Amino acid sequence: MRDGDTVHAFYLHASRALGDPHRRHFHPIVGHAVSTDLFNWTVVRDALIVSEPPAFDDGTTWTGSVIRDDDGTWWMFYTGTSLVEDREVQRIGAATSTDLLTWTKISAEPLVEADPVSYELLDRTLWHDQAWRDPWVFRFPGHKRWHMLVTARANHGEPLSRGVMGHAVSDNLRTWTVLPPLSAPGQGFGQLEVLQFANVDGVPIILFCCGITELAPERIAAGEAGGIYSLPVDDRLEDVDFTRARLFERTDLYAGRLVQDTAGAWNLIAFTNMVDGAFVGTLSDPIPVSAHPEHGLIPRLAGVIGATTGDARLAAG
């Protein structure tokens, strides 16, 4: 989130003393760092931690997004899970701030949760959790209504390809109406993680990620190993077909966000995921990108094609 000349990065981090990097999923804190150039970062106080029980987020606080309301209040929408449900059911809550540094959670109850009319609820025979997370909140230019895109799964179709782009709307950021998904199941993904909608150099795109274990069999058969994907869309999200999604060439990266620098040029910042079979877990340096109406997200400069994994000067502690 940019505020004047300063960019604020909110990210998940967990102690390396956990040993097994897979344990980090259940011990995360929402960290916070600031930068003026996207390369050099200063870590400031953490933004969010889990709530005291009982609460919908007393198990974990996971990825979301930050927006600014018309009255100047900052809102952070985030994913929560609870201990009583063994962290298997995901719901969405929010916190607010006046300065981006100190955050106050809205409620011990969630603001948005999956509607079984359209979305799959927890069924361990179909999937390992109830997917309803990674809220991306935005407004279409010139409109007052807020939209939320959510990592979700449809309640029908082949289990390995039920990933859909969940959708909810609100006129006040507190009261949300869950609508049917903006995509259909059967489009190649078990889940679409960390969604973002952005107009990159005149091309509206959806950015998301998916790991190899959540890809549908046809994508694995095509040789994909998972990573960050993009999909060109229309500017009202009325024709979303993830069968056309393309994998970004830097497959060592995951959970990316598109951010503009001070000159207005677009960059991708993600976390360096797996390198030579080992988990890294640091934020990448900004990667200059643009967008193509057919191919989606592409490197902006030829010099970054095939670049090595340069880590930004902010690493997980």
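Buried means under 20% relative accessible area, exposed over 50% and partly exposed in between, with a 1.4 Å probe and protein chains only. By that definition, both faces of β7 are covered, with R91, G93, A95 and S97 buried on one side and I92, A94 and T96 buried on the other. The model is predicted, so local features need pLDDT of at least 70 and side-chain atom pairs count only at pLDDT 80 or more, while totals for chains, interfaces and linings use all residues. Residues are numbered from 1 along each chain as its sequence is written, and side-chain values use heavy atoms, leaving out hydrogens and water.

- Strands (E, at least two residues) and helices (H or I, at least four) are DSSP runs numbered from the N terminus.
- Seven of the seven residues of β7 are buried, so the strand is largely enclosed by the rest of the structure.
- Two strands pair if DSSP finds at least two bridges between them.
- β6 and β7 run antiparallel and are joined by seven bridges; F77 stands opposite A94 in β7.
- On β8 (residues 104-105), β7 pairs in the antiparallel sense over two bridges, and T96 stands opposite T104.
- The hairpin of β7 and β8 has six residues between the strands, and L100 takes a positive phi near 70° there.

**Four-stranded sheet**
- An open sheet has the strand order β1-β2-β3-β4, with antiparallel pairing.
- β1 (2-3) and β4 (42-43) stand at the edges with a single partner strand each, so one side of each has no neighbour in the sheet.
- Two bridges join β3 (residues 29-35) to β4, and V34 has T42 as its bridge partner in β4.

**Nonpolar cores**
- A nonpolar core is a set of buried Ala, Val, Leu, Ile, Met, Phe, Trp, Tyr and Cys residues joined through side-chain atoms within 4.5 Å.
- The largest core has 21 residues, of which F77, V112, W132, V137, M148, L173 and W176 touch the most other members.
- At least two residues of this core come from each of β6 (74-81), β7 (91-97), β9 (132-138), β10 (146-153) and β11 (163-170); the largest share, four residues, is from β10.
- A second, separate core of 20 residues includes L149, M165, C210 and L231.

**Cysteines**
- A disulfide is a pair of cysteine sulfur atoms within 2.5 Å, and a search of the whole structure finds zero of them.
- The sulfur of C210 is 7.8 Å from the closest cysteine sulfur, in C209, which is too far for a bond.
- C209 is buried at a relative accessible area of 1%, and C210 is buried at 0%.
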